[in-house]
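Subject: Structure for you to look over

Hello,

I am handing over the structure below, with notes on what was found in it. Please read the notes with the model open beside them.

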Amino acid sequence: FFKIDINNRNKIIHILNKYKPDGIFNLAAESHVDRSIDKPENFIKSNFLGVYNLLEAILFYEKKNKKKIKLIHISTDEVYGDLLKGRSNENYPYKPSSPYSATKASADHLIKAYTKTYKISAIISNCCNNYGPNQFPEKLIPKLIFNILNNRNLPIYGKGKNSREWIYVKDHCEALLLIYLKGRFGESYNIGTGQNFKNIDIANRLLRIAKKKSIKIGKKVKIKYVKDRPGHDFRYALNRNKILKKLRWKAKTSLGFGLLKTFDWYKN
């Protein structure tokens with residue numbers, strides 16, 4: 001384990017030279033949209049310049065060692081922007097709305113350019129919202145669970161009708177490993193569940209789980225609609241046909257079971 005800045009190209013090159021990896025999974029990213037609205041600079045540094053420095057480190061290593069490295073870059077469904085109907089496939093145009101999604105989209109374009117120009121062996125994955133144990137409680141699901149357990153109100157943007165796909169973190173990891181093993185260089189793969197849920201539905205499901213577990217729900221635990229964030233996309237929805245057909249992958253964990261496991265982890 002090395003705790004270093006992804007922009008520190010020399011240190012990354014040193015690690016590559018020492019360990020000569022077959023592959024790199026780039027999950028290094030600032031990922032919270034609200035934070036990107038407050039301070040875009042951190043997102044530009046990590047999500048775009050970080051990817052640039054990683055690509056340059058890989059290029060330097062490959063020229064010196066005559067050895068290729070597989071790069072799996074983890075992107076997001078948010079690059080496709082607001083999708084009021086239908087589902088976005090891998091050829092759908094990019095229409096990012098937030099500084100977060102704009103930096104992720106920029107990185108995707110840079111990787112595709114390096115793949116074509118410098119023959120980097122890269123694959124991009126675009127995944128929907130993740131949830132599960134260990135997630136930092138700024139994200140919707142752990143925040144709601146934390147607030148239910150601590151007698152706080154449940155803040156929901158707008159009228160709670162924003163629609164998202166949710167994938168259990170272990171399912172996402174299995175998809176990434178499969179893409180690494182069997183995916184084609186220069187390709188992108190959407191990782192989704194094919195099911196959408198409104199934010200208000202998620203909140204109500206978590207409240208039902210709490211009641212089933214006989215958790216005493218405090219008087220302050222009520223859904224509270226708060227002012228919507230600027231540029232908030234209403235709906236993301238991925239077309240997952242490519243990964244289903246080409247790699248025979250689909251998510252295993254139902255939302256109900258995944259939320260139950262997640263709730264138990266935070267409660268414990």
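This is a predicted model: local features need pLDDT of at least 70, side-chain atom pairs count only at pLDDT 80 or more; totals for chains, interfaces and linings use all residues.

The buried residues of helix α1 have cover that includes strand β1 and helix α3, the latter running over residues 40–65. Helix α1 itself covers residues 9–19, and its buried residues are Ile 12, Ile 13, Ile 15, Leu 16 and Asn 17.

The chain as a whole

The protein chain contains 9 helices and 10 strands. Its radius of gyration is 20 Å, close to the 18 Å that the globule rule gives for 268 residues, so the chain is as compact as a globular protein of that length. The C-alpha trace spans about 65 × 35 × 35 Å along its principal axes.

Of the 268 residues, 47% count as buried. Among contacts with a separation of 6 or more, 82% are between residues 24 or more positions apart. The chain exposes about 14300 Å², and carbon and sulfur atoms supply 53% of that area.

On charge, there are 53 positive and 22 negative side chains. The centres of these two sets lie 4 Å apart.

Aromatic pairs

How many aromatic pairs does a search of the whole structure find? The search finds 9. In one of them, the ring centres of Phe 25 and Tyr 180 are 5.3 Å apart and the planes meet at 45 degrees, so the pair is tilted. This pair links distant parts of the chain, with Phe 25 in strand β1 (residues 23–26) and Tyr 180 in helix α6 (residues 169–182), 155 residues apart. Phe 25 is partly exposed, at 32% relative accessibility, whereas Tyr 180 is buried, at 17%.

Another tilted pair is formed by Tyr 114 and Tyr 118, with 4.7 Å from centre to centre and 55 degrees between the planes. Both residues lie in helix α4 (residues 99–118), 4 residues apart, which is about one turn of the helix. Tyr 114 counts as buried, with a relative accessibility of 8%. Tyr 118 is partly exposed, with a relative accessible area of 40%.

Ring pairs also link Tyr 80, Tyr 92 and Tyr 94 into a cluster.

A second residue set in helix α4

Lys 116 is found in helix α4 as well. Is this residue buried or exposed? At 67% relative accessibility, Lys 116 counts as exposed.

A buried serine

Ser 75 belongs to strand β2, which runs over residues 70–76. Ser 75 has a relative accessible area of 6%, under the 20% cut-off, so it counts as buried. Leaving aside residues up to four places away in sequence, Ser 75 touches Lys 104, Asp 108, Ile 124, Ser 125, Asn 126 and Cys 127.

Backbone points to check by eye

Most residues other than glycine have a negative phi.

- Asn 151 has a positive phi of about 55 degrees although it is not a glycine. This residue is in the loop between α5 (140–149) and β5 (154–157). Asn 151 is partly exposed, with a relative accessible area of 31%.
- Arg 248 is not a glycine, yet its phi is positive, at about 55 degrees. The loop that holds Arg 248 lies between α8 (241–247) and α9 (255–267). With a relative accessible area of 74%, Arg 248 is exposed.

Regards

How values were computed:
Residues are numbered from 1 along each chain as its sequence is written. Side-chain values use heavy atoms; hydrogens and water are left out. Helices (H or I, at least four residues) and strands (E, at least two) are DSSP runs, numbered from the N terminus. The radius of gyration is taken over C-alpha atoms; the globule rule is 2.2 Å times the number of residues to the power 0.38. Buried means under 20% relative accessible area, exposed over 50%, partly exposed in between (1.4 Å probe, protein chains only). Contact means heavy atoms within 4.5 Å. Accessible areas come from the Shrake-Rupley method with a 1.4 Å probe; for residues, only the protein chains shown count as cover. Lys and Arg count as positive and Asp and Glu as negative; His and the chain ends are not counted. The place of a charge is taken as NZ of Lys, CZ of Arg, CG of Asp or CD of Glu. Rings of Phe, Tyr and Trp (its six-membered ring) pair if their centres lie within 6.5 Å; planes under 30 degrees apart count as stacked, over 60 as edge-to-face and the rest as tilted.
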